[in-house]
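User: I'm new to this one and would like to go through it slowly. Could you take my questions as they come?

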Amino acid sequence: MLQTFDMTYPIIQAPMAGVTSPKLVAACAEAGLLGSIGAGYLDGAQTKQFIQEVKKLTAKSFAVNLFVQEEPKIDIEVLQQARMALQPFYDELGLSPVQSVVSKEVFAGQIQAVIEEQVAICSFTFGLPSPEVLQQLKDNGIYTVGTATTVEEAILVEQAGMDAVVLQGGEAGGHRGSFSAPLQLIPLYDLLQQVAGQIAIPIIAAGGLVTKEDIQKALKGGAQAVQIGTALLVADECEISPLYKNAVLASKEQQTTITLAFTGKPARGLINDFTKRMKDAIVAPYPLQNYLTTTIRKESAKQGNADYLSMWMGEKSYLVQQTGTVRSIVEKLL
Ligand SMILES: Cc1cc2nc3c(=O)[nH]c(=O)nc-3n(C[C@H](O)[C@H](O)[C@H](O)COP(=O)(O)O)c2cc1C
């Protein structure tokens, strides 16, 4: 796997849509990791441009991560109620909600960008790409990686013909990659044990890996590589706001939660005023809720107010203390 992924260490920088910048991806690649572009919120042209920016900064291979798109089943009543639940936030911030259009063509454009730019690795979350898309990638020699949060999903990823699977433990920061109901939060090491012997493709372990000991345990537990997100949020090359970085460093045990409130899909992030007030609120399905909350999050960031920001981080964020360059953080993990 080290050779396939052009990496020195069996560590993958987690794709983090909205967080990963060309600078971070390239710094990770240069430090001997597999860097990954989180392209989930980009369209085809933006994905292509991002890939080209990374190529200017490094000659190493890297991955592009895409969200498998699904058509939201729009129930106008639910959408209305979801908007009403957010009205107090719009009012407080002096905003009006934006209307966004869900485009079917976005995913096809992203795939085209990955192929045209001859990206070595393409990973997916939120489900399985169609057989046609996987065949297209395979025909172009692109290595494919799926995401699974249960044994059943891991088997489905393998059966779909993907080359490797990210096993995402319940501790993981950001969106759950789950695509089969009901939502399960299986701790990473349990998931590794459950999957052992059930699939033959390489396993990448993700979720709550922030210390050298965690990583060793995952590698001994059957993973060929690990994928880390939260531990890299505080790296010098990670271009998130100081507000977000400080929130990771100041976070305490039990301060993260799984919330649907920001995007309509379950994701783990820091508990704040928004996650608390929206705990039992009606939310629109993904990606509609994501559009409905966009202006709230943007305005909150502009005001330097962490109350209404989505600050995705894993359950072990309270153990993250090592700041500095990606290289210095990785040295501590080896
Ligand atoms: C801020 C953030 C954004 C994320 N965005 C994505 C994404 O776009 N695609 C994806 O497959 N996983 C995403 N994840 C999940 C990671 O791939 C990985 O499962 C997780 O970071 C591992 O747990 P850890 O954060 O405790 O290291 C994200 C995680 C974080 C923290």
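User: What is the strand order in the open sheet, and is the pairing parallel or antiparallel?
Analyst: In this predicted model, the open sheet is built from 8 strands in the order 1-9-8-6-5-4-3-2, and their pairing is parallel.

User: Which strands stand at the edges?
Analyst: The edges are taken by strand 1 (11-13) and strand 2 (35-38), and each has a single partner strand, so one side of each is left without a neighbour in the sheet.

User: How many bridges join strand 8 to strand 9?
Analyst: Strand 8 (residues 203-206) and strand 9 (residues 225-228) run parallel and are joined by 3 bridges; in strand 9, A225 is the residue that stands opposite I204.

User: Switching to helices, at what angle do helix 2 and helix 4 pack?
Analyst: Helix 2 (residues 44-57) packs with helix 4 (residues 105-116) at an angle of about 25°, and their axes are 7 Å apart. Angles under 35 degrees count as roughly parallel, which makes helix 2 roughly parallel to helix 4.

User: Is the crossing left-handed or right-handed?
Analyst: The crossing in which helix 2 passes helix 4 is right-handed.

User: And which residues meet there?
Analyst: From helix 2 there are G44, T47, K48 and I51, and they meet V106, G109, Q110, Q112, A113 and E116 in helix 4. By type, the residues of this contact between helix 2 and helix 4 divide into 3 nonpolar, 5 polar and 2 charged.

How values were computed
Residues numbered from 1 in each chain as written. Predicted model: local features only at pLDDT ≥ 70, side-chain atom pairs only at ≥ 80, totals over all residues. Axes fitted to C-alpha atoms, helices over the stretch in contact; angles between N-to-C directions. Helix = DSSP H or I, 4+ residues; strand = E, 2+ residues; numbered from the N terminus. Parallel < 35°, antiparallel > 145°, perpendicular 65-115°, else oblique. Left-handed = near helix turned anticlockwise from the far one by under 90°. Contact = placed C-beta atoms within 7 Å. Nonpolar A, V, L, I, M, F, W, Y, C, P; charged D, E, K, R; others polar. Pairing = 2+ DSSP bridges.
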